[in-house]
Amino acid sequence: MHDAANNNVIRLDARREPRRCVATTTSGRPCRNNAVEGGEYCSVHRRPQAGTPEVSTAEPPPIAGKRMLDELVDNDAGSSAIDRLRAFMGRRLKGDYPIDEFGYDEELTREILMPLLRPLYERYFRVRTLGVGRIPNEGPALLVSNHSGTIPIDAVMMQYAVAAEHPAERVVRMVGADLVWTTPFVSHLARKTGNAVACDEDAFALLERDQLVAVFPEGFKGVGKGWSERYRLQRFGRGGFIEVALRARVPIIPVAIVGAEEAFPMVGNARTLASLLRFPYFPITPTFPLLGPLGLIPLPSRWVIEFGEPIAMDQYPDDAADDKMFVFDLTDSIRDRIQQMVYKGLKYRGGTFL
Amino acid sequence: MDRGKRILITGVSNYLGLRLAKRFEDDDEIEAVVGVDLREPSVPIDKLEFVRADIRSPVIARIIDSSEIDTVIHTNITSHPSRLGGRSQMKENNVIGTLQLLAAAQRAKKVQRVIMKSSTAVYGLGPKEPSIVGEDHDNRQANLYGYGKDCAEAETYVRDFARRRKDVEVVILRTQSLIGPTVRTNMTDYLSLPVVPTALGFDPRLQLVHEEDAIEAFARATHDAPRGIYNITGHGVVFLSKAIRMLGKVGLPMLYPAARGAGSVLRRVGAVDFPSDQLQFLIYGRVVDYKRAHEDFGFEARYSTEEAIADFRDHRNGYLETTRPAWARDLSSLLQPGAETKEYA
């Protein structure tokens with residue numbers, strides 16, 4: 001993996017005027033990552049050197065949303081854009097599209113839903129994604145992320161970040177709590193975008209199928225934390241995700257997401273209303289419920305998503321997952337690491353909204 | 001073994017039992033098939049010796065003894081309360097019937113293999129259930145109702161039996177809902193409705209097993225399967241919305257409370273024999289893992305879920321017009337030339 005010299009650590013003195021990478025990303029815009037010291041490229045786009053094999057320089061496949069558009073405007077195949085669009089719609093209506101056992105509908109996700117998120121990601125939240133090259137191009141890995149922001153929009157942004165900025169355009173399979181699966185339309189959409197149920201069996205099954213799985217061990221404690229608790233990670237569940245990673249022997253990649261807190265600053269919690277509606281919390285933000293449905297529009301905060309160095313799990317003995325003390329210690333150390341990444345990301349981000 | 005197997009099939013007039021008996025006709029490894037049920041199978045089957053008996057009666061022990069049965073295939077577990085005259089009769093049949101049958105089998109020293117038909121309904125339904133359920137997933141009986149609960153209770157008796165008779169190979173096959181040109185299940189009834197009610201905002205994944213594949217699984221289990229519990233299903237899943245579109249039907253999304261009401265109306269007029277707890281199915285769906293059956297006894301579904309639904313659509317329509325009772329319709333279609341010799345995709 002990265003050594004000390006070419007690690008893309010964020011240098012604090014360079015934060016206001018970071019030297020940016022000169023490459024263009026897969027989505028065709030300038031890379032926002034910092035260039036590595038003494039170079040022109042960031043660690044993602046750096047030409048591979050001996051001993052740094054994990055970043056692919058192969059011509060990246062065209063970006064998700066563009067693909068269908070390219071196909072639509074490409075008349076070489078002898079059929080017009082309208083015909084193609086009609087064929088596409090006809091296929092959807094007839095139900096002639098593949099899904100996997102979890103219900104992940106790749107076509108719908110990549111070609112329809114992901115492009116819809118693009119303006120939100122690029123223009124509204126102006127997300128800067130760091131270290132996405134640390135995610136392997138193939139094979140299983142477990143992303144462990146902090147969670148905040150009242151509604152789990154941070155999860156969606158992370159999914160988009162990997163789909164759009166990773167050289168292999170990998171899909172992130174997230175695991176969602178039961179509230180996701182009991183909510184009409186949300187559950188439907190969550191299935192089709194590749195998500196699964198937050199339980200050990202599902203995480204394990206996805207890893208077995210070589211997928212990139214994301215967990216948010218803070219759960220509702222994370223998304224539902226108040227404004228005064230912002231940037232502070234809550235307890236990390238019961239360590240179940242560590243056990244899964246240890247048993248599946250897949251690396252854990254810590255992820256820090258900064259910005260979701262300010263998008264929906266939760267200044268209060270209407271507990272009575274929450275228990276009436278059987279929600280884990282009922283958020284009160286500066287605009288919600290004051291402005292009604294308009295209050296559901298997130299504030300335009302700036303975001304930073306950083307993917308950390310992978311932590312190999314196969315360095316531990318086979319039965320490590322059964323040693324509860326070890327699991328708790330490892331859970332704490334990963335939590336600390338993400339906490340430090342959040343603080344670092346806050347410094348890097350600079351202004352909250354501007 | 002110097003001679004062929006001697007098999008007892010309970011519920012031989014039900015779809016699965018009858019199809020199995022039919023299949024064993026040409027199986028040289030099988031010497032005799034004794035079928036037990038309350039009504040006579042309406043199709044003549046070679047090799048089958050039919051005995052009209054209730055599995056809850058002591059007669060069953062005498063049959064096992066006198067016929068020198070070595071393999072018991074227990075398919076007499078039903079999910080149709082109305083065919084038996086109500087839920088309590090259904091429970092009596094499913095649970096007490098299994099208990100009595102096993103008590104009889106335990107005494108019979110010649111019995112070497114017991115195969116029980118169970119259902120994936122034992123896994124229950126809910127937002128916290130895994131997306132793909134394995135055989136070892138804990139089922140919490142407290143959350144089960146109706147058919148699923150019956151199956152789970154009957155299974156505990158079978159497992160107790162396996163502990164007491166360690167020399168017997170006990171196999172439990174948990175099947176997904178059957179679908180195909182001739183079988184009639186809650187699922188085929190539901191998908192045959194002119195307008196298919198669904199739950200608004202939910203689109204469960206369906207995973208079904210083709211009737212031929214289910215029969216094949218039982219036949220294989222009769223010969224090869226090592227002791228254990230196996231999920232039996234077709235591979236792949238389809239969303240309910242897609243299944244409805246494939247069948248050329250129209251879905252009717254309803255708010256959940258309204259769906260509940262509509263369900264009970266449909267049940268009362270006899271359009272669907274769909275237990276109300278199964279309405280949860282329309283929200284969460286149920287998908288199981290079938291790796292173990294493949295690894296342990298080489299079961300492989302020839303039809304994926306999607307192909308099974310397509311087969312149901314393409315070869316069933318001709319039979320739906322008949323007004324005869326469901327089981328007679330099933331059996332007559334069974335005898336249709338072509339139904340048996342149909343080529344597999």
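Is B:R163 buried or exposed? I looked this up before anything else. B:R163 counts as exposed, because its relative accessibility is 52%. My cut-offs: buried is under 20% relative accessible area, exposed is over 50%, and partly exposed is in between (1.4 Å probe, protein chains only).

**Ground rules**

I am working on a predicted model, where local features need pLDDT of at least 70, side-chain atom pairs count only at pLDDT 80 or more, and totals for chains, interfaces and linings use all residues. Residues are numbered from 1 along each chain as its sequence is written, chains are lettered from A and ligands numbered from 1 in the order in which they are written, and side-chain values use heavy atoms, with hydrogens and water left out.

**Entry: salt bridges in chain B**

I stayed with B:R163. Its side chain meets that of B:D160 in a salt bridge, at 2.5 Å from N to O. I count a salt bridge when a side-chain nitrogen of Lys or Arg is within 4 Å of a carboxyl oxygen of Asp or Glu. Both B:D160 and B:R163 sit in helix 5 (residues 146-164) of chain B. They are three residues apart, about one turn of the helix. I take helices (H or I, at least four residues) and strands (E, at least two) as DSSP runs, numbered from the N terminus. B:D160 is partly exposed, because its relative accessible area is 27%.

I then checked B:R184 and B:D189. They form a salt bridge, with the closest N and O atoms 2.8 Å apart. B:R184 is at 22% relative accessibility, so I list it as partly exposed. B:D189 is at 8%, so I list it as buried.

I also noted a network in chain A. Salt bridges with shared partners join A:R134, A:E306, A:E309 and A:K344.

**Entry: chain B overall**

I found 13 helices and 13 strands in chain B. Of its 345 residues, 60% are buried. I also looked at its contacts (heavy atoms within 4.5 Å). Among those between residues at least 6 apart in sequence, 80% join residues at least 24 apart.

**Entry: a salt bridge between loops of chain A**

Over all chains, the structure holds 41 salt bridges. I picked out A:R249 and A:D318, whose side chains meet at 3.5 Å, N to O. What does this pair tie together? A:R249 lies in the loop between helix 9 (240-248) and strand 6 of chain A, and A:D318 lies in the loop between strand 9 and helix 12 (324-349) of chain A, so the pair ties together parts that are 69 residues apart in sequence. A:R249 is partly exposed, because its relative accessibility is 27%. A:D318 is exposed, because its relative accessible area is 66%.

**Entry: the sheet of chain A**

I traced an open sheet of seven strands in chain A. Its order is 1-9-6-2-5-3-4, with mixed pairing. I call two strands paired if DSSP finds at least two bridges between them. Strand 1 (128-130) and strand 4 of chain A are the edge strands, and each pairs on one side only.

How many residues of strand 2 (residues 141-145) of chain A are buried? I found five of its five residues buried. In a regular strand the side chains alternate between the two faces of the sheet. On one side of strand 2 of chain A I found A:A141, A:L143 and A:S145, and on the other A:L142 and A:V144, all buried.

Next I checked the neighbours. Strand 2 of chain A pairs in the parallel sense with strand 5 (residues 212-215) of chain A, over four bridges. There, A:V144 has A:V215 as its bridge partner. Strand 2 of chain A also pairs in the parallel sense with strand 6 (residues 252-258) of chain A, over four bridges. In strand 6 of chain A, A:L143 is partnered with A:I253, and A:V144 with A:P254.

**Entry: chain A against chain B**

I counted 27 residues from chain A and 22 residues from chain B in the contact. The buried area is about 2100 Å², with 56% from carbon and sulfur atoms. I use buried area for the accessible area (1.4 Å probe) that two parts lose on being put together, summed over both.

I found three salt bridges between chain A and chain B. A:E208 forms a salt bridge with B:K291, with the closest N and O atoms 3.8 Å apart. Helix 6 of chain A gives the most to the side of chain A that touches chain B, with four residues.
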